[in-house]
Amino acid sequence: MDNPKKTVKNKLQVIDEVLKSDDNKTFEMSVSDFKALFSTAQLNRGWTKPQLENLLERLK
């Protein structure tokens, strides 16, 4: 039986898909899921201070 190899997307590809998604879509992510995806060093690269502040405002 043939088992086709599954294409694995990297973080940037997934983020790109989210950014290109319909603005009316929503998604939820647990803090543990977020931690699994991003390290502090990764978040510090390429994110502006206003973007990080917005993210913290949404964390309640």
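A pocket is an open set of grid points, on a 1 Å grid over the protein atoms alone, with protein on both sides within 12 Å along at least five of seven lines. In this predicted model, the largest pocket has a volume of about 1600 Å³.

**Largest pocket**

- The lining of the largest pocket comprises 35 residues.
- F27, F34, F38, W47 and L55 are the lining residues that lie nearest the centre of this pocket.
- Helices α1 (11-19), α2, α3 (40-44) and α4 (49-58) each contribute at least two residues to the lining.
- By residue class, the lining divides into 17 nonpolar, 9 polar and 9 charged residues.

**Nonpolar surface patch**

- A nonpolar patch on the surface is formed by V14, V18, F27, M29 and L37.
- Together, these five side chains' residues have about 430 Å² of accessible area.
- F27 belongs to this patch and is also one of the residues nearest the centre of the largest pocket.
- L37 is located in helix α2, which spans residues 31-37.
- L37 counts as partly exposed because its relative accessibility is 33%, a value in the range between the buried limit of 20% and the exposed limit of 50%.

**Salt bridges**

- The whole structure contains 2 salt bridges.
- One of them joins the side chains of D16 and K20, with an N to O distance of 3.0 Å.
- Within this pair, D16 is partly exposed, at 33% relative accessibility, whereas K20 is exposed, with a relative accessible area of 64%.
- A salt bridge also links K49 and E53, whose closest N and O atoms are 4.0 Å apart.
- Both K49 and E53 lie in helix α4, where they are 4 residues apart, about one turn of the helix.
- K49 has a relative accessible area of 60% and is therefore exposed, while E53, at 40% relative accessibility, counts as partly exposed.

**Loop residue N24**

- N24 is placed in the loop between α1 and α2.
- The relative accessibility of N24 is 68%, so this residue counts as exposed.
- N24 and W47 are separated by 23 residues in sequence and by 23 Å in space, C-alpha to C-alpha.
- W47, the partner in that comparison, is among the residues that lie nearest the centre of the largest pocket.

Terms used:
Residues numbered from 1 in each chain as written. Predicted model: local features only at pLDDT ≥ 70, side-chain atom pairs only at ≥ 80, totals over all residues. Heavy atoms only, no water. Patch = residues over 30% accessible without salt bridge, like charges linked within 9 Å, V, L, I, M, F, W, Y side chains within 5 Å. Areas by Shrake-Rupley, 256 points an atom, 1.4 Å probe, with all protein chains shown as cover. Buried < 20%, exposed > 50% of the residue type's maximum accessible area, 1.4 Å probe, protein only. 1 Å grid on protein atoms, 1.4 Å probe; cavity = no way out; pocket = protein on both sides within 12 Å on 5 of 7 lines; lining within 4 Å. Points joined across faces, edges and corners; volume = space filled by probe spheres on them. Nonpolar A, V, L, I, M, F, W, Y, C, P; charged D, E, K, R; others polar.
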